[in-house]
Amino acid sequence: MKLFLKLLRDIRQSAGQFLSFVLVIAVGAFFYTGLSALSNNLSAYTETYFEEHNLSDLNVYYSQLSQEEIAELSKVEGINKMEGRYTFDATEAFDGYRAALKIHSIPENNEINTLAMTEGSLPSSDGEIVLDSRYAEEHQFTVGDEIQIRVNDNELAFTISGMGENVEHAKKNETQDHKNYGIAYVAEETIPKVAGSFFYNELLVDAKEGYDIDKIGKPIEEQSKQLPYLGQESKERSFSYSRLMATLHNNGLMSKVIPLVLFLIEAIILFLAMSRMIDSQRNQVGIMKALGVKNSSIMLHYMGYPVLVGIVGAILGYGISAAVFVPFISVSNARSYSLPGIEFALSYDLILPPIIVSSIFGMLACYLSGRNLLKERAAQAMRPKPPKSMKRIFIERIPGLWSRMPYNYKLILRNIFLNKRKVLVSSVGVMVSTVLLITAFGTQASLQTVAGQYEQVYTYDLRVHYKAGETLDGNTLPAGIKSQYDLSTFSIELKKDNQTEKASLIVTEQDNNLIHFYDEKGNPLRLDNNGVFIPKSYADHYGISEGDTIQITFMAPELGNKAVEMKVLKISTQYSSPAFYITPDYLTSFGLEYKPTSLLVEADPSADLASIRSYFEKEQVVDAIYDKADLRKEARYILQQNSFVFIMFIICAVILAFGAIYTISSINIYERNRELATLKVLGYYKNKINRLIFFENIIITTFAVLVAFPICGHVYKLVVKALSSTHQQIPDQLNISIVLVSVLVAFVLTILTNLLLRRKVTRINMIESLKGLE
């Protein structure tokens, strides 16, 4: 108990040092608990959500399909259940704009892609409709309201029977724009009113467990040869599911990489500081030994310090995460996905890893530092270590320099070279902190580069997507279009060294100047007819170089899952939504037909873009339209979704850096109490002593920064590589301005630390420090 009281007294006497340790641990606990809660809760929820509402394994599209034809198709081996539905597009007029609605019919006994109702009930007649709750909230609709929608050239009125969300539309579009785009559901009785007669145009397939969906899709296509078959899409290739899975993958990486980096840095800081702290209490260890305290008790006494720091820091980090991180990820997730009823909460077991990691490294530092000291006899331990013999330093050997140097600088340099090991240890702490600062600022800058690439790569005014199997006659386009280029998008699978990866292949004209390609140095690239452009994210992951041959399989069953070998023409830098690019001529060289699925449009500067867009909106074959405003929204969306994590990463890096510099500087002053007291006795004013300490810390920081320069690039690349995936590339080149800002922050923190420690120097008791040993 007396040793425990001593521990508490030591903490009270160095409260600032204890607080800096606690903040260092709290930073790691904050990120670990927050990111783990995000990853674990989202993963568990989506798995249950998909299973509970039975997300369809395959969607098959037709121009027209009867119930009898569905019954025949349901006999395909591996199918558990099939449901037909009619899907159509509509618009709803508001003041100054029109919102697009994608509307599905609901089968009478709906078991696939079932709705999660949040209010009201399912539609029971042809005059009722269910809106997705986010769209209804955006437009302030309530159950019982009437809405007017336009389908083709007809105006239809519906009464809102309820609101809900559907598992197939967890993500509607890139930016989750609920104002301009919504999902709705109607009863099957509405189909004749919209289509003119009763038929389906979409088939939902629920596969039996264990069956390969691609092997089910092929026989469905075979049996559909006599039907107006348009195509099919598995859930893995669907927009919503693929984006959600990519998010889960990235969240899983972030929940491991960022806390791991922070834990390692915390461990280094804690290890260095605890080692120095035991050395600084050498005489107290001798007194305890003289009083008969066992060596094991002394060791456990000092090991209690990092354990107590770990517990307090982990609890503090856990509490801040619950108050700040969890509410933010709840709002951020609601902005990104429509997942009704999802809740984010911290489980109590998340508090254990930060405590264990910090305690292990702190106790290890105590053991390694204290074992040799505990072997000494009490009388020997109570005496200070014999002073080191001072040798001439290399600066003294430079003719004329040492004699002209002010005495204060001689003191600083002699102290540095006399305690080279301590200075090196101090430099390591500052160096690690500087590397972390550079990594944090660099990662945030990289995120801004990712968002800024959109408008640099895509320079079109409109991007028009066609409905499945449909296309637009280029000869009937309206006036005012300066240039237009077709696109065709295929779902493919890359095979490399027994590994497979799903991706997108975009086919467009060689002279398409509305999409721009760049290499990793920012030089423009140009498509050619004898190869494929592959994203750098895929090239890095699979070790692909220019001139290599890669195997690509077209996943669409209508293409017969054809496998081809393509030559890698160039490797292009694509930060977000990376895709493979080829020309139509290269596609047809493999015996495949080129059929456009999208159109890029550039308008004349003097043309009315609104009227051009209005023309495409009226076309029946058009499924969706995007413009430059959507590109800007997507860029802002990327920043909004990720900036919080990286801004907090920067704040935590600053806290870690401050904690490291403050702790090490505090221990330096404690170890030099006798020396500083001697200077005070000799007549040095406190301001002069503070200047000596200040310049010494500046020299240590400068040395640490210079050492950090070559290291930070490698650490930054490791972090970027860990956070990147084939679906997202993050720039791995540091900007010199980022490095300079980080270095400036390191020096500012050093200056701030010196200002906070001035009182510690002022409070040095000269008699106590000089006579304490006696």
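The model is predicted, so local features need pLDDT of at least 70 and side-chain atom pairs pLDDT 80 or more, while totals for chains, interfaces and linings use all residues. Residues count from 1 along each chain as its sequence is written, and side-chain values use heavy atoms, without hydrogens or water.

An unreviewed UniProt entry annotates "domain: ABC3 transporter permease C-terminal" at residues 257-368 and 647-765. Such annotations may be inferred rather than shown by experiment. Residues 257-368 are 82% helix and 0% strand. Their end C-alpha atoms sit 28 Å apart. Helices here are DSSP runs of H or I, at least four residues; strands are runs of E, at least two.

Next, the helix pair. Helix α8 spans residues 282-290, and helix α9 spans residues 295-336. Their axes come within 10 Å and cross at roughly 140°. Axes are lines fitted to C-alpha atoms over the stretch in contact, with angles from 0 to 180 degrees between N-to-C directions. From α8 come Gln284, Val285, Met288 and Lys289; they meet Asn295, Ile298, His301 and Tyr302 of α9. Contact means heavy atoms within 4.5 Å. The residues of this contact split into 4 nonpolar, 3 polar and 1 charged. Lys counts as charged, Val as nonpolar.

Now Thr439. It belongs to helix α14, residues 420-457. Is Thr439 buried or exposed? Thr439 is buried, because its relative accessibility is 2%; buried means under 20%, exposed over 50%, with a 1.4 Å probe and protein chains only. A polar atom of the Thr439 side chain lies 2.8 Å from the backbone oxygen of Val435. Leaving out residues up to four places away in sequence, Thr439 touches Val715, Tyr716 and Val719.

Methods. A polar contact is a pair of N or O atoms within 3.5 Å; within protein, one must be able to donate a hydrogen and the other to accept it, and residues adjacent in sequence count only if both atoms are side-chain atoms.
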